[in-house]
Structures are given as C-alpha cells and as structure tokens.
Amino acid sequence: NVVAYTIACLAHAKRGDLVGALLTLRTMRSNKVAPNARTCAALLECCLASGRPQAAVGLVEEMRAAGVREDVVTSTLLLRCHLAEGDAAAAAALLERMEGLVSPDASAPDARRPRGRSKKSRKAKGPNLVTYNAAITGFVQLKAWPEALDALDRAAARFDPNQQTWAALAGAARDRDRGPRTAGGERPAGRAA
C-alpha cells in the first residue's frame, strides 16, 4: 500500500539514495499504487539529501500530472530545493504562490495563529512558520538580503517569530559583520570595523 512505499522512499531519503527512491516509485506505479503528498515529500527530501535538488522540479511536475495535490510540506521542501539549487527567484515566486492560497483575512492580527491548528499543519493552504524559516535561512545562505527581509516581513505579519527565525537572522548578521576580507584576513581599506 501507499504507506509502505512511502516509508521505503523515506528510508532511501535517510541514506541520500535518490536512485533507490525512484526505483521504489517505479515499483509503486507498476503495482498500481498511486503516490500521495507524503510520497512526494519523501522524494523531495531524498533530492535534498542526495545533493540533487534540481531533480525536485521534475518530480513535482510528474506528481501533479498524476493528480497528487501539494500540501504545505511538499511546497516547503520544493522551496528548499530551489534554494539549495541557488535559485532565489524561483523560491520567492513559490513563496508568493503559496501565500496566494491564504484567505485575505488570514493576515489579520486576530488570525495570526488559529486555535486548534498547529503551525505545522499539513492541511494549511499557505506557508507556515516552518516555510518562512526555511525561506529566510535559504535566502541568507544565498546572500539574497532583500528576499530574506521580505520573507521575514511576511512571516511576522502572520506568525510570531520563533527561535529558528532569530537563528537565521543571527546568521545573516554574522555574515554581514564578517564582510569582505583581504587575503590577509583584514577588511579592505575604507570599510568601517
């Protein structure tokens, strides 16, 4: 059944074995078992773990064609794949598309975190705090400062930042403070310490 195949894909993801995960997907399909969003998430995790994030886009398109509907987890993993690939523009566009799925009143102050719904809910239509933290972290690693600050602003409009949010921003501040250095480890002339 789909659960067993998804667990097999997750096992391959833990080892970074993308070929094994794809073979599991092929076997799954040949046995007429339809993948679901969790299967897709396992495959995307495998793309990240194997160092082949570029394979994620094709997998997601294939899953969409098979009728698999993305959830917040698969979309967040796809965003991380775009960032791992160095494609800040694709990640920003995906984040914007995800936000388009949120109802207009979701940014109201009293709607920041609805009761009874985890901020990590798979059923959420738009990005959650995990999504924003992944975006901020990825943009910081790419030194895409405007995108990182934009993601922070968007996150703060809907959620209270958490420890991971601040850790990503602390990393940005460290990188900025380090700044460019000469071969001898000193700051270039004219740059304040």
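1. What span should the 13 residues of helix α5 have at 1.5 Å a residue, and how far apart are its end C-alpha atoms? Helix α5 (residues 72–84) should span 18 Å, and its end C-alpha atoms are 18 Å apart, which agrees. The expected span is taken as 1.5 Å times one less than the number of residues in the helix. Helices (H or I, at least four residues) and strands (E, at least two) are DSSP runs, numbered from the N terminus.

2. On the basis of the note: this is a predicted model, in which local features need pLDDT of at least 70 and side-chain atom pairs count only at pLDDT 80 or more, while totals for chains, interfaces and linings use all residues. Residues are numbered from 1 along each chain as its sequence is written, and side-chain values use heavy atoms, with hydrogens and water left out.

3. On the overall fold: the protein chain has nine helices and zero strands, in the order α-α-α-α-α-α-α-α-α along the sequence. Of its 193 residues, 39% are buried; buried means under 20% relative accessible area, exposed over 50%, and partly exposed in between (1.4 Å probe, protein chains only). The accessible surface comes to about 10900 Å², and 54% of it belongs to carbon and sulfur atoms; such areas come from the Shrake-Rupley method with a 1.4 Å probe, and for residues only the protein chains shown count as cover. Among contacts (heavy atoms within 4.5 Å) with a separation of 6 or more, 67% join residues 24 or more positions apart.

4. On the core: the largest nonpolar core has 47 residues, and those touching the most other members are Leu 43, Leu 44, Leu 79, Ile 136 and Phe 139. Helix α3 (residues 37–49) gives the most to this core, with eight residues. A nonpolar core is here a set of buried Ala, Val, Leu, Ile, Met, Phe, Trp, Tyr and Cys residues joined through side-chain atoms within 4.5 Å.

5. On the ends of α5: at its start, a side-chain oxygen of Asp 71 reaches to within 3.1 Å of the backbone nitrogen of Val 73. Just after the helix, Gly 86 takes a positive phi of about 90°.

6. On α7: this helix has 13 residues and reaches 18 Å from its first C-alpha to its last, close to the 18 Å expected at 1.5 Å a residue. Ten of these residues are buried, so α7 is largely enclosed by the rest of the structure. Among the buried residues are Leu 129, Asn 133, Ile 136 and Phe 139.

7. On the ends of α7: Asn 128, in the loop between α6 and α7, is buried, with a relative accessible area of 6%. Asn 128 caps the N-terminal end of α7, with a side-chain oxygen 3.1 Å from the backbone nitrogen of Val 130. Just after α7, Lys 143 takes a positive phi of about 60°.

8. On α8: the 14 residues of helix α8 (residues 145–158) should span 20 Å, and the end C-alpha atoms are 20 Å apart, which agrees. Ala 148, Ala 151, Leu 152, Ala 155 and Arg 158 are buried in this helix. Seen down the axis of α8, the buried residues fall within an arc of 135°, so they line one face of the helix; the arc is that of the directions from the helix axis to the C-beta atoms. An α-helix has 3.6 residues a turn, so residues three or four places apart point the same way. The face turned away from the buried side of α8 carries the exposed residues Pro 146 and Asp 153.

9. On the contacts of Ile 136: not counting residues up to four places away in sequence, Ile 136 touches Ala 148, Ala 151, Leu 152, Thr 165, Ala 168 and Leu 169. Of these, Ala 148, Ala 151 and Leu 152 are buried residues of α8, while Thr 165 is found in helix α9.

10. Gln 163, in helix α9 (residues 163–178), is exposed, with a relative accessible area of 66%. Gln 163 and Asn 133 are 30 residues apart in sequence and 9.6 Å apart in space, C-alpha to C-alpha.

Technical notes: Polar contact = N/O pair within 3.5 Å; in protein donor to acceptor, adjacent residues only side chain to side chain.
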